[in-house]
Amino acid sequence: MADQNESIPAQEQAAAQDPAAQQNAQLLALLHRLFGEAAFTDVEQPYGLLTATTTREQIHGIIEGLQKDEELQLNFLTTMCGMHFPEKKDQELGMVYHLHSLTRNIRLRLKIFFPIADPVAPTLTDLYSAANWMEREAFDFYGIIFPGHPNLIRILNVEDMDYHPMRKEYALEDGTREDKTDLFFGR
């Protein structure tokens, strides 16, 4: 990691020598060229992985374009999962998509956010077969609905369950327990 006292040109030069940073810069330029700069917000590179946020209205078209692009060949949906941030007004729920090009060794993380009152995200089952079970998991645990999904039912929990257990709506521990001593746990 660059020293805090190091000059900005030296940091830029170090980034220019980092192959992952160069690849991410090229990928971001290509994304902007294909879909426009306005399509992506909150662009960052945690742990060297290019991450960008877009909208649920654009996500299907973007992922379809990336899958079909001959230069990128992002043809593998590594992960797709739900998120819940109750403190983010009108963006409480979200989805994360990890795309990977096996032939070019390119990775990309895309995110979308939407209100919990409208828990709908577009299905990717028409693009990736693997999206089937991942969308069922997001539905099961977060209550996210994927219109057009071929079999959107719970995958791990019982069908008659009337809540979504991964939402941060319940306390992690029972506050009424008296049989537990916190003496040795620093609480």
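Valine 158 counts as exposed because its relative accessibility is 53%. Here, buried means under 20% relative accessible area, exposed means over 50%, and partly exposed lies in between (1.4 Å probe, protein chains only). Valine 158 sits in the segment after helix 4 (131-142). Its C-alpha atom is 9.2 Å from that of aspartate 140, although 18 residues along the chain separate valine 158 and aspartate 140.

Before we go on, a word on the model. It is predicted, so to speak of local features a pLDDT of at least 70 is needed, side-chain atom pairs count only at pLDDT 80 or more, and totals for chains, interfaces and linings use all residues. Residues are numbered from 1 along each chain as its sequence is written, and side-chain values use heavy atoms, with hydrogens and water left out.

**Helix 2**

Helices (H or I, at least four residues) and strands (E, at least two) are DSSP runs, numbered from the N terminus. Take helix 2, residues 19-35, as an example: from its first C-alpha to its last, its 17 residues reach 24 Å, close to the 24 Å expected at 1.5 Å a residue. That expected span is 1.5 Å times one less than the number of residues.

Which residues of helix 2 are buried? They include Ala21, Asn24 and Leu27, along with Leu30 and Leu31. An α-helix has 3.6 residues a turn, so residues three or four places apart point the same way. After helix 2 comes glycine 36, with a positive phi near 90 degrees.

**The strands**

Now let us follow the strands. Two of them pair if DSSP finds at least two bridges between them. Strand 1 (residues 41-44) and strand 2 run antiparallel and are joined by 2 bridges. Glutamate 44 has threonine 51, in strand 2, as its bridge partner. The hairpin of these two strands has 6 residues between the strands, and tyrosine 47 takes a positive phi near 55 degrees there.

Strand 2 (residues 51-53) also pairs with strand 5, in the parallel sense, over 3 bridges. In this pairing, threonine 53 stands opposite lysine 111 of strand 5.

Strand 3 (residues 76-84) pairs with strand 4 in the antiparallel sense, over 8 bridges. Here cysteine 81 has valine 96 of strand 4 as its bridge partner.

How many bridges join strand 4 to strand 5? There are 9, and the two strands run antiparallel. Tyrosine 97 is partnered with leucine 110 in strand 5, and serine 101 with isoleucine 106. In the hairpin of strand 4 and strand 5, with 4 residues between the strands, asparagine 105 has a positive phi near 55 degrees.

Are these strands mostly covered or mostly open? In strand 4 (residues 93-101), 8 of the 9 residues are buried. Strand 5 (residues 106-114) is also mostly covered, with 8 of its 9 residues buried. In a regular strand the side chains alternate between the two faces of the sheet.

**Salt bridges**

Side chains of opposite charge can pair when their charged atoms come close. A salt bridge is a side-chain nitrogen of Lys or Arg within 4 Å of a carboxyl oxygen of Asp or Glu. The structure holds 6 salt bridges, and the table shows some of them.

| Glutamate 57 | Arginine 56 | 3.8 Å |

Glutamate 57 counts as exposed because its relative accessibility is 63%, whereas arginine 56, at 16%, counts as buried. Aspartate 90 counts as partly exposed because its relative accessibility is 46%, and lysine 89, at 67%, counts as exposed. Finally, Arg56 and Glu57 are linked with Asp118 in a network of salt bridges.
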